[in-house]
Amino acid sequence: MQHVLPATGSRIYLPSGHFGTVKYVGPVDGTTGLWLGVEWDDSNRGKHDGIKDGKQYFDCRVPNSGSFIRPSSSICYGYAFLQALKNKYVEAVHGTASQEKVILGSSNGAIEVEAVDLDKIRGKFSNLERLREVSLDNEMVSTTNNPGEILLACPNIRGLDLSSTLLSRWDVVAMITAELHQLQRLALNRNRLTPPSSHLPASAWLRLSELQLNGTWTSWEEFTGIVIFMPQLRIAELGYNGLTSLSHAKISTVLTRIEILNFDSNKLEDWQHISEALKPCASLQRLILSSNGIERIPPLESRPSHLHGLKVLSLSSNKLHDSRDIDQLYEWCPHLETLSLAKNPLTEANNLSRSARQQIIAKIPSLRVLDATAISAKERSDSELFYLSFVAKTVPGHDEAKMKEHPQWKMLCMSQCLDCTESLPYSSNLLLCITEHGRPAESTADRDGRLIRYLIEVKVHQCSEPPGGHFTPEMEGGLIASTSLRVLSTMKLGLFRLRVIKAMGTGKNPRNRDNINVWLRMSDDTLALLQNDDQELGWWGIENDSHIVVHITQQTES
């Protein structure tokens with residue numbers, strides 16, 4: 001049986017669901033008849049690189065993604081644009097019957113309902129002139145129509161999805177879109193397109209502002225060559241393209257207008273190279289670099305940052321593991337407002353990960369959203385205070401050593417405790433105040449009361465025996481000791497127990513925390529036992545001038 005043979009470069013689709021590109025048509029040594037040499041989009045379908053018995057018949061862009069198949073009537077070579085559009089959006093009317101039975105898809109055939117006048121709905125959809133947003137994803141478009149036919153049939157399309165089609169050349173795409181004068185958004189995901197010729201229609205993409213090329217194996221050089229014909233382009237997606245570099249760009253004024261770039265799931269591992277390559281993109285505000293294998297953000301040093309204007313950055317699912325990467329990221333992107341860092345070793349798999357969010361917030365003052373969660377003013381203040389305490393406790397030496405290890409240290413000290421109108425020195429009193437959760441020296445507090453707003457003073461009473469249900473004068477007379485403590489209202493109850501043990505002079509062994517019971521004196525003098533160590537003091541209703549009663553069980557040493 002004779003089959004129509006495709007031209008080299010044609011796209012094909014098999015009933016098994018596999019897409020491929022014909023790279024060879026002809027005989028294969030040692031066999032009879034003709035074969036099609038195909039490079040498959042899914043490399044798992046392939047068997048070799050176009051080599052049979054040592055002879056090269058074709059080459060493959062992705063290793064081991066090629067194989068030979070026989071021509072067959074089951075192979076789909078696609079449809080013209082308008083035919084695919086009608087297949088998707090035009091349904092034949094069912095006649096004069098006003099009622100039809102419809103099975104709800106979500107019910108797996110279990111629910112059947114009667115619908116009235118569905119032909120009216122079919123009639124509206126069949127009017128292609130009304131279409132504004134069109135999806136022909138997986139509809140096997142392969143060619144255009146005669147000149148003028150697309151313009152006449154559907155002139156008002158604004159958004160067009162031609163993902164997973166059988167289009168093989170940019171020239172064909174241009175012939176289709178040249179007749180869609182209102183087109184603003186174009187998706188070509190998961191296609192394999194050969195570079196365009198130099199004679200593209202001038203009107204092909206005049207109004208296009210958004211282009212999606214995910215999973216197309218389009219190189220940066222090819223992309224920068226095609227966008228020359230898209231003067232209004234603002235958004236571009238190039239995810240899942242196997243990009244290892246952004247070299248050999250064809251510089252044009254179009255690149256200076258791009259505001260959003262998506263490089264999700266490529267292999268762009270070198271942060272400095274990315275910055276240098278994106279120098280032409282002067283208007284860039286949003287950059288997606290998730291799942292690229294980035295291991296570090298180098299210091300900016302004396303280099304210029306071409307990512308200075310970035311406001312939104314995604315670095316999730318990379319390999320960042322050093323907290324200094326965050327300090328250095330702020331040097332490169334000082335105006336960053338939204339950041340994604342989930343699924344990095346930095347936030348997932350070490351001791352730092354327990355406080356990663358607080359530290360990231362403190363280190364990037366401009367940040368408003370972290371990992372899709374908004375940062376409130378209270379969270380920022382608490383995070384900065386926590387960070388100051390963390391640095392004071394973990395970095396030995398003088399303040400200069402702390403500033404070298406943590407560049408935001410001085411700025412945060414000044415913003416939390418000092419008047420920032422002058423470059424003021426900060427003293428050992430400040431270090432003490434931070435170490436003890438922020439109790440400043442009196443002179444510091446007089447200068448700026450900002451820190452005091454985040455502190456509460458509670459009165460702690462230690463009793464010799466577990467108290468009853470009320471705070472009574474008799475019990476007050478039998479107290480062992482009373483003291484006042486200044487603490488953050490965001491302190492966890494477990495840490496507060498340790499603080500009380502230390503203040504009462506009963507040792508510093510963390511295990512002693514299990515031997516102290518804590519009660520809060522309520523407004524009616526009843527005592528409420530506090531038991532969940534993971535809740536903050538503020539959650540328990542502990543506020544300024546609250547009275548806390550504690551009983552510490554002395555543990556004998558063996």
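Among contacts in the chain between residues at least 6 apart in sequence, what percentage join residues at least 24 apart? In this predicted model, the share is 69%. The chain contains 16 helices and 26 strands, and 45% of its 558 residues are buried.

An open sheet is formed by four strands, arranged in the order β1-β2-β3-β6 with antiparallel pairing. Strands β1 (11-13) and β6 (66-69) lie at the edges and have a single partner strand each, so one side of each is left without a neighbour in the sheet. On average, neighbouring strands of this sheet are turned by 40 degrees against each other, direction ignored. Within the sheet, strand β2 (residues 19-26) runs antiparallel to strand β3 (residues 35-40), and six bridges join the two. One of the residues involved is glycine 20, whose bridge partner in β3 is tryptophan 40. In general, the strands of a sheet pair through backbone hydrogen bonds, in either a parallel or an antiparallel manner.

Helix α1 spans residues 81-89, and its residues Phe81, Leu82, Ala84, Leu85 and Tyr89 are buried. When the helix is viewed down its axis, the buried residues of α1 fall within an arc of 160 degrees, so they line one face of the helix.

The axes of helix α9 (residues 356-363) and helix α10 (residues 377-394) come within 8 Å and cross at roughly 100 degrees. Because angles of 65 to 115 degrees count as roughly perpendicular, α9 is roughly perpendicular to α10. On the α9 side, the contact involves Arg357, Gln358, Gln359, Ile361, Ala362 and Lys363. These residues meet Glu379, Arg380, Ser383, Glu384, Phe386, Tyr387 and Phe390 of α10. By class, the contact comprises five nonpolar, three polar and five charged residues. Helix α9 is itself mostly covered, with six of its eight residues buried. The buried residues are Ala356, Gln359, Ile360, Ile361, Ala362 and Lys363.

Asparagine 262 belongs to strand β16 (residues 260-262). Its relative accessibility is 17%, and asparagine 262 therefore counts as buried, the cut-off being under 20%. Apart from residues up to four places away in sequence, asparagine 262 touches Ala236, Glu237, Leu238, Gly239 and Ile288. Valine 460 lies in strand β22 (residues 455-463) and counts as buried at 0% relative accessibility. When neighbours within four places in sequence are left aside, the contacts of valine 460 are Ala481, Ser482, Thr483, Leu485, Phe496, Val500, Met504, Ile548 and Val550. The C-alpha atoms of valine 460 and alanine 503 are separated by 9.5 Å, although these residues are 43 residues apart along the chain.

Strand β24 (residues 516-521) pairs with strand β25 (residues 527-530) in the antiparallel sense over four bridges. Leucine 520 has alanine 528 as its bridge partner in β25. Five residues lie between the strands of this hairpin, in which aspartate 525 takes a positive phi near 70 degrees.

How values were computed:
Residues numbered from 1 in each chain as written. Predicted model: local features only at pLDDT ≥ 70, side-chain atom pairs only at ≥ 80, totals over all residues. Heavy atoms only, no water. Buried < 20%, exposed > 50% of the residue type's maximum accessible area, 1.4 Å probe, protein only. Arc of directions from axis to C-beta. Pairing = 2+ DSSP bridges. Axes fitted to C-alpha atoms, helices over the stretch in contact; angles between N-to-C directions. Parallel < 35°, antiparallel > 145°, perpendicular 65-115°, else oblique. Contact = heavy atoms within 4.5 Å. Nonpolar A, V, L, I, M, F, W, Y, C, P; charged D, E, K, R; others polar.
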